[in-house]
Amino acid sequence: MTTEQELTRTFAALSDPTRRAILTQLAKGPATVGDLAAPHRISGGAITKHLKTLEAAGLIRQERRGQFRPCSLRAEGLAQAKAWIEDRQKFWQTQFDQLEDYLNRTDGC
């Protein structure tokens with residue numbers, strides 16, 4: 001999978017508020033599927049679908065321990081997205097700095 005495809009998958013996974021809430025829960029530590037489903041008013045099938053999306057994006061890891069499937073956060077899954085955002089941030093900061101310089105030179109005229 002190319003970096004572009006990985007970024008698309010990551011941002012698609014992050015686009016859903018339920019999935020972002022799940023990641024927030026997992027930032028506090030590993031949790032079972034039942035623990036992750038508890039705060040959300042969705043079916044077991046829906047939570048499983050969200051978890052599969054997060055796992056496919058490399059943002060979480062699911063294990064199998066008997067009947068339990070504990071999930072944990074994979075912080076490294078956000079590394080490419082973070083790098084992409086930081087690169088765009090540098091670009092826009094440069095643009096704003098140039099605008100500020102221009103406005104200072106023209107003295108607002």
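Predicted model: local features only at pLDDT ≥ 70, side-chain atom pairs only at ≥ 80, totals over all residues.
**Helix α4**

Helix α4 spans residues 44-56 and contains 13 residues. From its first C-alpha to its last it reaches 18 Å, which is close to the 18 Å expected at 1.5 Å a residue. Four of its residues, Ile47, His50, Leu51 and Leu54, are buried. These residues cover an arc of only 95° around the axis, and therefore they lie on the same side of α4. The face turned away from this buried side carries the exposed residues Gly45, Lys49 and Lys52.

Which elements cover the buried residues of α4? The covering elements include those in the following table.

| Element | Residues |
|---|---|
| α1 | 3-14 |
| α2 | 17-26 |
| α3 | 33-37 |
| β1 | 60-62 |
| β2 | 71-73 |

**Helices α1 and α5**

Two packed helices are described by the angle between their axes and the distance between the axes. Helix α1 packs against helix α5 (residues 79-106) at an angle of about 95°, and their axes are 9 Å apart. Angles of 65 to 115 degrees count as roughly perpendicular, and α1 and α5 are therefore roughly perpendicular to each other.

Which residues meet where these helices pack? From α1, the residues are Thr3, Glu6, Leu7, Thr10 and Phe11; from α5, they are Gln80, Ala81, Trp84 and Ile85. By class, this contact has five nonpolar, three polar and one charged residues.

Definitions and conventions: Residues numbered from 1 in each chain as written. Heavy atoms only, no water. Helix = DSSP H or I, 4+ residues; strand = E, 2+ residues; numbered from the N terminus. Expected span 1.5 Å × (residues − 1). Buried < 20%, exposed > 50% of the residue type's maximum accessible area, 1.4 Å probe, protein only. Arc of directions from axis to C-beta. Contact = heavy atoms within 4.5 Å. Axes fitted to C-alpha atoms, helices over the stretch in contact; angles between N-to-C directions. Parallel < 35°, antiparallel > 145°, perpendicular 65-115°, else oblique. Nonpolar A, V, L, I, M, F, W, Y, C, P; charged D, E, K, R; others polar.
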